[in-house]
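Here's a quick briefing to read with the model open beside you. Have a look at the fold, then come back for the details.

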Amino acid sequence: MPYLEVFVYLQLLDLMTTVLAFQFGAQELNPFIRGLMQLGPVTGVTLAKVGACAFAGFCLWLKKGHVVRWSNYWFAALVVWNLSMLLRAGANT
């Protein structure tokens, strides 16, 4: 199941790039995660990532691994977006 490992790595990359983007003044666009961030920015995003991993595990338990595989494309694009925003923020400083 390499797609599960990829999923977890993408979650970690999203967490790291999101927290780094916060340091450059970025804001969270997802309203659900923005609500979790009332507990603190890092805590909120971390809780969302733990929830995503739990959901992936549930999908695998239901024999719906294709959901995790397709989610990898979404999260890969999200990490690329985060990196592009970080590069843009770095160019403006």
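Let's start with a charged pair: the side chains of Lys-49 and Asp-14 meet in a salt bridge, with 2.5 Å from N to O. A salt bridge here is a side-chain nitrogen of Lys or Arg within 4 Å of a carboxyl oxygen of Asp or Glu. The pair ties together distant parts of the chain, with Lys-49 in helix α3 and Asp-14 in helix α1, 35 residues apart. Keep in mind that this is a predicted model, where local features need pLDDT of at least 70, side-chain atom pairs count only at pLDDT 80 or more, and totals for chains, interfaces and linings use all residues. Residues are numbered from 1 along each chain as its sequence is written, and side-chain values use heavy atoms, with hydrogens and water left out.

**The salt bridge up close**

- The structure holds one salt bridge.
- In general, side chains of opposite charge can pair when their charged atoms come close.
- Are the two partners buried or exposed? Lys-49 is buried, with a relative accessible area of 9%, and Asp-14 counts as buried too, at 4%.
- The cut-offs for those words are under 20% relative accessible area for buried, over 50% for exposed, and partly exposed in between, using a 1.4 Å probe and protein chains only.
- Setting aside residues up to four places away in sequence, Lys-49 touches Gln-11, Asp-14, Leu-15 and Phe-75, where contact means heavy atoms within 4.5 Å.

**The overall fold**

- The protein chain has four helices and zero strands, so reading along the sequence gives the pattern α-α-α-α, with helices (H or I, at least four residues) and strands (E, at least two) taken as DSSP runs numbered from the N terminus.
- Taken along the principal axes, the C-alpha atoms fill a box of roughly 45 × 25 × 15 Å.
- Of the 93 residues in the protein chain, 34% are buried.
- Among contacts with a separation of 6 or more, 67% are between residues 24 or more positions apart.
- The accessible surface of the chain comes to about 6,400 Å², and 71% of that belongs to carbon and sulfur atoms; the areas come from the Shrake-Rupley method with a 1.4 Å probe, and for residues only the protein chains shown count as cover.

**Helix α4**

- Helix α4 covers residues 65–91, 27 residues in total, and reaches 39 Å from its first C-alpha to its last.
- That span is close to the 39 Å expected at 1.5 Å a residue, the expected value being 1.5 Å times one less than the number of residues.
- Which residues of α4 are buried? They are Gly-65, Val-68, Asn-72, Phe-75, Val-79, Asn-82, Leu-86 and Ala-89.
- The cover over these buried residues includes α1 (2–23) and α3 (41–61).
- Asn-72 counts as buried at 9% relative accessibility, and leaving aside its neighbours within four places in sequence, Asn-72 is in contact with Tyr-3, Val-6, Phe-7 and Leu-10.
- Arg-88 also sits in α4, but Arg-88 is exposed, with a relative accessible area of 54%.
- The C-alpha atoms of Arg-88 and Leu-78 are separated by 15 Å, with the two residues 10 apart along the chain.

- Met-37 is found in the loop between α2 (31–36) and α3.
- Not counting residues up to four places away in sequence, Met-37 touches Phe-22, Glu-28, Gly-44 and Val-45.
- From Met-37 to Arg-88, 51 residues along the chain, the C-alpha separation is 24 Å.

**A nonpolar surface patch**

- Val-8, Tyr-9, Leu-12, Leu-13 and Met-16 form a nonpolar patch on the surface, with about 480 Å² of accessible area together.
- Patches are made of residues with over 30% relative accessible area and no salt bridge, joining like charges within 9 Å and nonpolar side chains (Val, Leu, Ile, Met, Phe, Trp, Tyr) within 5 Å.
- Val-8 has its place in helix α1 and is partly exposed, with a relative accessible area of 33%.

**Cysteines**

- A search of the whole structure finds zero disulfides, a disulfide being a pair of cysteine sulfur atoms within 2.5 Å.
- Cys-53 is partly exposed, with a relative accessible area of 30%, whereas Cys-59 counts as buried at 5%.
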